[in-house]
Amino acid sequence: MERSGGPEPPAGGVHYPTLIDSIRPNADRPSAAPPRPNGSPSAAIWQCHGSGNLARVTDAKMPLRAKVASSVSRTAAALSRAAGRGDGSVIGGWIGLKIDPDLLVHLAAGRAIALVSGTNGKTTTTRLTTAAVGVLGRVATNSFGANMPTGHTSALAKAGSTPYAVLEVDEHYLAQVLEATEPHVVALLNLSRDQLDRAKEVAMMAQLWRAALVQHPDVRVVANADDPMVVWAATPPADPARGHIPPHVSWFSAGQRWHDDSWVCPECGSTIQRSGEQWWCTGCPLRRPEPQWTVEDDGVLDPSGAWHKVQLQLPGKVNLGNAATALAVAAEFGVRPVDAVSRLGTVTSVAGRYAQVDRDGRNIRLLLAKNPASWLEAFDMADEAPTLLSINARDPDGLDTSWLFDVDFAPLRGRQVLITGDRAYDLAVRLDVNGVPFQHVRTFDDAIRAVPPGRLEVIANYTAFQDIRAELDRVN
């Protein structure tokens, strides 16, 4: 193993491919969409230079209807921002797709695309991957976290002509976005329970991913070796008679703290056993694959065995894992880790996550936690300091707060804990059961007054997080 800031692999070592050699024909696409011939990622033509980088030679030409839809999409998004009604990342795409339902197909043509999906970590990993792929040129991305087709459409329309795109994708929409964008690579991060009052159960989600990948055998996959559900989804069985070929998978490992959604094998229903980093099914061959990318100490080991020190401005070991994923995805585009690793440190706040704001002598840090697995990671990131917890149960959060009883709040014992939000009383019951003393505050201003000068950690679920961000933006 070599340890440095990122040496080049020795001759004959790991080769980072620049683009898949061929992409399946686009015969099943809508007739209005630009054709995508064999041997190219899209209607645009790419050529590889000696450096391994990609250069765009021609632009894909969109039909008139798509051009009009794209222009209207950009205008609607800009008007939304100017009116202070939001960042325009949804409304622009929604209007564009109403004008041309195939707009996302047209906008994706001519770009080498990476999709990033999973229950947790999508937005941060997308930002890190965008930074890493940016070594090669301009990258379109949905940086505000609008991760459904409307958001993808708006992001690509706003970006204009770019050779690359890195898109965060809601796990429920992965199959649809795979079909629309025909990406070069898909990153599969993790699967765990989330908003079960309206979302699919974890094993069902894994089955949908698996079925989607069967339909796209040419896509390259970067997947989490530590999550049994992801491993099963990323390794569908071969069926040559039907043309189903398992995808090429590059595995990463960053450790998996949350295990409570993967004790039962999705293949045969037997128990999954664990020992250290390893896991295996007791009833069938499903087991942890050997990862090519691993987190070690404060860096990442690449497939050649070279170790790259990762200096992030984002807290927590989980973000080292996100960085490893970003390097693995970028490598699928031909980006060497030694060239990409320094760019990861340029990522600070991610759509408000991890942002630090000074107010009234308090340094306030915002952490988003929306389900049991992400709360576990948030506790790992938070300093031993006064901590405000805020819980809502509005539509984007999921209306059922019973998941609070899947979270162990014991790590908060011994620090000053304050609670607020629409469902603060639900949180109060959970903390009382968990033996964590707390103080209820009605407003964010009350929370600031209740803690001494210094660090205040704020952990909130989605709409509660947005409420606090809006309050900080209003005052600052």
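Quick housekeeping. This is a predicted model, where local features need pLDDT of at least 70, side-chain atom pairs count only at pLDDT 80 or more, and totals for chains, interfaces and linings use all residues. Residues are numbered from 1 along each chain as its sequence is written, and side-chain values use heavy atoms, leaving out hydrogens and water.

Okay, the overall picture. We've got 14 helices and 20 strands; those are DSSP runs numbered from the N terminus, helices being H or I with at least four residues and strands E with at least two.

Now the cysteines. UniProt, in an unreviewed entry, puts a "binding site" at Cys265, Cys268, Cys281 and Cys284. They're spread over 20 residues of sequence, yet they cluster in space, with a largest C-alpha distance of 8.6 Å. Bear in mind that such annotations may be inferred rather than shown by experiment.

Take Cys281: it sits in strand E11, residues 278-281, and it's buried at 7% relative accessible area. Leaving aside residues up to four places away in sequence, its contacts include Cys265, Cys268 and Leu286, where contact means heavy atoms within 4.5 Å.

Cys284 is in the loop between E11 and strand E12 (293-296). At 19% relative accessibility, Cys284 also counts as buried.

Methods:
Buried means under 20% relative accessible area, exposed over 50%, partly exposed in between (1.4 Å probe, protein chains only).
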